[in-house]
Amino acid sequence: MEYFLFFISAVIVVFAGTRLATYGDILATHTPLGYTLVGAVLIAAVTSLPEISSSISASLIGSPDLAFGNVLGSNGFNLVIIAIADIVQGPGSLLRMVRESHILSSIFGIILTVISMMGILIAPYHMFEFTIGWISSFSLIIMITYMMAMTMMVRYENKFTVITNTQQDSEKTVKNQDVVKSTILKFVFMAVFIVIAGIQLSINANIIAEKSGLGQTFVGTLLMAGATSLPELVATIAAIRIGAYDMAVGNVLGSNLLNMFIISISDMTYLKGSVFIDVSQEHLLTAATTILLSGIVVIGLFYRSKRSFMKMGWDSILILIGYMVMLYLLFQISVSF
């Protein structure tokens, strides 16, 4: 039964995610937000809700490894989505076709991942960690850094946004307002579908994971992360198909930022104490791989290579190789203990 529900939920996510990208394209065109912020904020927030619900559920039942594996695994899988989107886009690197402003979100993603790694490494030794109630200081640092990242991203995008009010025809203004209002309603409607289906995906992934007999870290990193990242995959591919490349990449990198914020939420809902103390250090491998893959993305955004192999840029090929190596190492660790 869980396999059938998993399939039905996936179908709903595919349909809703496709429509979500279409409505996001309209909002980016008719509002000052632009493609980057629509992808990094609006669509990223919607597509990351399954990760939020599944990680909170995992923390509440006392399974911090599932929560961390879901978040860090989703971040790794999300970067693989860039490689998949690169194939759909066609020959040449996808990253050479988007704005350099995505470098900012990539670097903040690296910073947040490093903070989480430091928490996993030194919290068990009670070094540089204090708690407010049961909430770790590392969670507070992650929250503050995330807020700083979002503020800087919005300000950066606003520098390049040109808003013309005085020369705009009044009839066109009314028409645009009507389009925006109706699109927002449709966007919210599809978002509800994605949230419900995404949560159902994570629930059934968790049931399937328990029956597999593999460790929580590997299962959280692979199966749960893959299931909860399906909305990002569908929305990104749909954005690529309509030529909204900045919205596609913004969705991936924005989701990764929000996912790191979920670690703080997981800590708040893990009532046994600091989640960084009880979580397995196996997640350091996933976190380190995410940093490596994010670094490749930054290089791709800087270098903007036109060369490709099998319709993929070399940055996308390196992302795929790095992710597959991580999965192999995690599987070997899981079956060894």
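1. Helix α5 in this predicted model comprises 21 residues and spans 31 Å from its first C-alpha to its last. That reach is close to the 30 Å expected at 1.5 Å a residue. The helix is mostly covered, with 15 of its 21 residues buried.

2. The loop between α4 and α5 contains S101. This serine is buried, its relative accessible area being 9%. Leaving aside residues up to four places away in sequence, S101 touches T36, Y156 and E157.

3. E100 also lies in the loop between α4 (64-89) and α5 (102-122). Which residue does E100 meet in a salt bridge? The partner is R304, and the separation is 3.7 Å from N to O. The salt bridge count by the rule applied here is one. R304 belongs to the loop between α12 (283-303) and β3 (308-309), so the pair ties together parts that are 204 residues apart in sequence.

4. S101, by contrast, is buried.

5. G273 is found in the loop between α10 (245-269) and α11 (275-278). Its relative accessible area is 15%, and it is therefore buried, the cut-off being under 20%. G273 touches W134 and D267, not counting residues up to four places away in sequence. The C-alpha atoms of G273 and T131 are 8.6 Å apart in space, although the two residues are 142 apart in sequence.

6. Two helices, α1 (2-30) and α7 (170-212), each supply at least two residues of the patch. The most is given by α1, with five residues. As a general point, an α-helix has 3.6 residues a turn, so residues three or four places apart point the same way.

7. The UniProt entry, which is unreviewed, assigns the feature "transmembrane region" to several spans, including residues 30-49, 103-125, 184-203, 252-271 and 283-303.

8. Turning to the protein chain as a whole, the secondary structure comes to 13 helices and four strands. Buried residues account for 55% of the 337 residues. Among contacts with a separation of 6 or more, 84% are between residues 24 or more positions apart. The chain exposes about 15,000 Å², of which carbon and sulfur atoms supply 70%.

Terms used
Residues numbered from 1 in each chain as written. Predicted model: local features only at pLDDT ≥ 70, side-chain atom pairs only at ≥ 80, totals over all residues. Heavy atoms only, no water. Salt bridge = Lys/Arg side-chain N within 4 Å of Asp/Glu carboxyl O. Buried < 20%, exposed > 50% of the residue type's maximum accessible area, 1.4 Å probe, protein only. Contact = heavy atoms within 4.5 Å. UniProt positions renumbered as here; feature names shortened; annotations may be inferred. Expected span 1.5 Å × (residues − 1). Areas by Shrake-Rupley, 256 points an atom, 1.4 Å probe, with all protein chains shown as cover.
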